[in-house]
Amino acid sequence: MAAAAVVFRLALVFFPGDLNLGSRPEVATPLSSLRRLAEGYWLKQTSLSPYAGSMYHGSPLLLPVLGPLIVNRYFILPQRILLFVIVDFISAILIRAIGQKLFVSNRQSMNSLKLSGKKKLGMNENAGDVASLIYLWNPLTIVTCLGSCTTPIDNFMVILTIYGACSRIAPLAAFGYVMATHLSLYPAILIVPVILLLGHGLDAPPSKFFTRNTRSFSWKPVIYFIIWAIIWTCYALLLCSISLKGVGGLNEMFKKTYGFILTVEDLTPNIGVLWYFFAEVFEFFRDFFLIVFHVNILFMVLPLAIRLKHRPCFLAFVYVAIVAMLKSYPSVGDSALYLGLLGLFASELADMQFSFFLFFGYIGVTLLSPVMHNLWIWRGTGNANFYFATGLAYACLQTVLVVESVSSMLKHDRMLKKLASP
Amino acid sequence: MASQMLLSLLVFYFYSFHLARPIHCSLGSNGIDTASVSKEEFSEELLLKPLPDRKVLAHFHFTSTSPPSASNGRHHHLFPKSIAQLVKKYKIKELELSFTQGRWNYDRWGASDPLSTRNAKPPGVELWARFDVLTKEEIDTTWGNLTNSLSGLFCASINFLESSTSHSTPLWGFLPNNGDLRYGALPREAVCTENLTPWLKLLPCRDKAGIATLLDRPSIYRGHYHSQRLKLRSDRLNGIVIEQTLSAVLQPSDRTSWSMYQLFKKIITEKCALAKSSRVFVEIEGNLGSKNENILELVGEADMVVNDQNGHSTIYQYNVERYSEHEPLDIMVNWRDPLQLSFLQAPFHASRFLMGSGNERGSIAISLQSARNFTKGLYDGSNNCFTKVVVFQVVPWYVKVYYHTLRIYVDGEIRDTKDVVEKINITPSEDKVSPGTLEMMLRFPCGMISAALTLDFDKGFLHIDEYPPDANQGFDIPSALVSFPDFISSRIYPDSISSPLLHSYKGRNVVKSYTEVLLVPLTTPDFSMPYNVITFTCTVLALYFGSMINVLRRRISEEERLAKSNDKRRPGFIPLLISRITNKIRGRKEDLADQSQSSQPLLGHKVIFKVVLIAVVATLWHYFLNTS
């Protein structure tokens, strides 16, 4: 199946018609567009700062890696895409590995709770396979992979972080975490689940269910993680400053990457709601709302961490989903990531409400959004409001998905408790 | 007594004598002043030129010069004081301001003669200036002040050029300089009489006498093209020189003959009394020589007829002084033969257009078509020769150009940019800060027939406040300038004519042409929606926040019961506090004692500490609010 997904991607790559996905606003954001990366690379080649002008907002480290691949005329489209196909495939393998680890730890905790025989729990041995296949076959992932944007790499780094933390490899987790934060800033809040994963171990029912407390917080891997994170940060910054030597400093880089993310300067339509909000809101309130929107992400970090501290992997999924919903330049690639991770918790979330509604809601929005965009931008017959409405619907769907998954996970824990304390 | 009086008289006489000397001196210096003031000169000229498509170009040329300002202080006789103040205050080295309506037709009206290279201007307002100031910041602030002053002087919205998003700093594409030049253009500025009146005010006779009386507003603005220009140069040696020119392309009502009266509905009766010279020229393109009489007939005896050195044109000169109210100057031209006049083409015809559809992205293309006669004549058969072309283009920030997509096609085939681009200077646009500037020197093979440059761009999306009132009309990209540094337009006339206008023809002007203004339609948001968008978005956020908090703190029945029983055992802090206070009021200390015996003093300390903390925070808050 996984091979089939790869083959399908390649088949689409060689599809004769130009799908032109790279310029779809749903796929490529100002942060992740490869076209802008090519412009940054070109500017750097002509000994200007890659951040000159307001084109490139990505990491300077991506320029030497992806730049030659894009600009060089000898690499035709399939060869460019091949890199992203490989990255997607590795991500899927990592998701599968996370799933297997989760299953093992789940079985252990069930055994210790003496619940392993209960059929009602329906533990799914294949959760990892399911999740990786969901990730690979998700149309959103495929579109992102083919759409020549850097989102697959961002997603890969996030998955790498979670994988590293799950398998308690502090250097790997730290590398993934530092790179993910460097590339798109928002994964910074993943520090909470990563520390919980490293300290507590994988997802398990709440510790108070156990008669004797077998799990205690171990500081050693966390400290390793922090040390490694510092080392990787210094290393990444050093590489950045070498890469930008003579054409611009790190200050400019922070201003043009993180500053660009935080101030929402680019009002190009995307599937989120912030572009229209900041195109319409009165200039006087702009700063206020910027703070409100970004603090909204941070507000939920602590309550969720308190309530879901026993399930750090799930916590990471919830964080990723919240970020995908509230980030300043969202794309379908972010949804592809959390939908892939959702598959890991298929058995726990089996009795989630509204799943039918959500499924068709996602299909409806992904079909309607390009139609509305086409009507508004290309044909000039529609109106910005129609496109914005699909964005609003999408935000609502994501809200329902996140809230319902958290709610059913808590319900699942309650059920476990009921079963464990007869 | 008498002797004393005599003495005092003597003393008084001496004093008055001594006092009188400086008066004499100052009188003397005043005399010198008047002599130097007489150096302030003004001359008025009009050049009429029949164009090949039977239109007539009327080119008014007024020159005022002022000697270096040190010699005559702040006083001026003829020179406009407002301009002198401007130059002095903003330390301007060179300035050119043009108001243009219509587009100069390079294909029909000539492209490489001095008149068109000097006077063809892009539609709207174009302003460039060079400053004598040191640092970049100083130049930027000076530019801002200058645009505001000019805006007031000429009743135009030149002040829009103040913002950094609308002016640029070309290094060599427009005019070679060392970073002291600022260039800005407003392609949409409507030009009308309110701009002409202040411009006429700078002339010593305004439009009351002399050649300027011909500037009848309806006749001028009825024309196909008109461009009024103010060009000034200032340096320490020559003082300030301003050239005010107005070029208008007019359509005579009769195709076979026209006269000045028919064109302007006015005639010249006298010269401006303050002008040093006042002349009218008629220029006939092409060396017609003796055949002139067969083709056209000039009614009115010319004072002088001269040909230029290369024999490209013939000039007929009329001195206005000779004419009076009884015998006004009214030149009449009769065409005898329907012969086409020749005109000088530019080596390439440059035009610019947009490609693509939709409001998301597009491409700008500049196409160059060689005027075959021209290049063939110059380079026949030589294999290894190249023509240089300089392209200068300013693009507003909301047209986000991808410079890496620059493609150059020569004769329909794509070429490697490295082979064609000799020199390139790019300043990419910064969102809401600065426009993008492209200066490019290209090298084309001589035998080339056509070339095209394309650049892809994304259209930006603006905040609703940034759209102009008629947002759906689209946005204008100012004209690009394409110049051909290998080709120089100059005409050298015999020195017997000492005219500032013909003198300016001698200068080595690079042949250049402005391209069309592009109209880029941008997507508009719904302008009536701000409140709806704010409320909808905030509702979605509130939905997320509220339901998430609700899920996180919800407890189902069993847990609730547990929590309640816990509460019974150990009441929360606030209920405990309340019950304690009520107990205190009621005076039932015994209850209190058995409720929490040991913790009471501890809690008391905590409460006091918290109250004090809150009070401190409140006072600090109040203090900071008041101070700020």
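This tour moves through a predicted model of chains A and B, stop by stop.

Residues are numbered from 1 along each chain as its sequence is written, and chains are lettered from A, with ligands numbered from 1, in the order in which they are written. Because the model is predicted, local features need pLDDT of at least 70 and side-chain atom pairs count only at pLDDT 80 or more, while totals for chains, interfaces and linings use all residues.

**Chain B as a whole**

Select chain B. Its secondary structure comes to 17 helices and 26 strands; helices (H or I, at least four residues) and strands (E, at least two) are DSSP runs, numbered from the N terminus. Of the 628 residues in chain B, 36% are buried. A residue is buried if 20 or more other C-beta atoms lie within 10 Å of its own, exposed if 12 or fewer, and partly exposed in between, with C-beta atoms placed from the backbone.

**The eleven-stranded sheet**

Next, display the open sheet of chain B with the order S5-S6-S4-S3-S7-S8-S2-S1-S10-S13-S12, in which the pairing is mixed. Two strands pair if DSSP finds at least two bridges between them. Strand S5 (167–168) and strand S12 (304–307) of chain B stand at the edges with a single partner strand each, so one side of each is left without a neighbour in the sheet.

Within this sheet, select residues 92–101 (S3) and 225–235 (S7) of chain B, which pair in the antiparallel sense over eight bridges. Ser98(B) can be found opposite Arg229(B) in S7(B). Axes are lines fitted to C-alpha atoms, for helices over the stretch in contact, and angles run from 0 to 180 degrees between N-to-C directions.

**Two loop residues**

Select Cys155(B), in the loop between helix H5 (136–154) and S5 of chain B. Cys155(B) has a positive phi of about 50 degrees although it is not a glycine, and it is partly exposed, with 15 other C-beta atoms within 10 Å. Move on to Arg206(B), in the loop between H6 and helix H7 (217–221) of chain B. Arg206(B), also not a glycine, has a positive phi of about 45 degrees and counts as partly exposed, with 15 C-beta neighbours inside 10 Å.

**The five-stranded sheet**

Display the open sheet of chain B with the order S20-S21-S17-S24-S25 and antiparallel pairing. Its edges are strand S20 (421–427) and strand S25 (509–514) of chain B, each with a single partner strand, so one side of each is left without a neighbour in the sheet. On average, neighbouring strands of this sheet are turned by 20 degrees against each other, direction ignored.

Centre the view on S17 (residues 386–395) of chain B. Eight of its ten residues are buried, so S17(B) is largely enclosed by the rest of the structure. S17(B) pairs with strand S21 (residues 436–445) of chain B in the antiparallel sense over ten bridges, and Lys388(B) stands opposite Arg443(B) in S21(B). S17(B) also pairs with strand S24 (residues 481–489) of chain B, antiparallel over three bridges; there the bridge partner of Val390(B) is Ser483(B). Six bridges join S20(B) to S21(B), which run antiparallel, and Lys423(B) stands opposite Met441(B) in S21(B).

**Where the chains meet**

Show both chains. Their contact takes 37 residues from chain B and 42 residues from chain A; two residues are in contact if their C-beta atoms, placed from the backbone, lie within 7 Å. On the side of chain B that touches chain A, helix H13 (530–553) and strand S18 (399–410) of chain B each supply at least two residues. H13(B) gives the most to that side, with 15 residues.

**Helix pairs in chain A**

Select helices H17 (residues 355–379) and H18 (residues 384–420) of chain A, whose axes come within 9 Å and cross at roughly 160 degrees. That makes H17(A) roughly antiparallel to H18(A); angles under 35 degrees count as roughly parallel, over 145 as roughly antiparallel, 65 to 115 as roughly perpendicular and the rest as oblique.

Finally, select helices H8 (residues 170–184) and H9 (residues 191–200) of chain A, whose axes come within 12 Å and cross at roughly 175 degrees. H8(A) is therefore roughly antiparallel to H9(A). Ala170(A), Ala173(A) and Tyr177(A) of H8(A) make the contact with Ile191(A), Val194(A) and Leu198(A) of H9(A).
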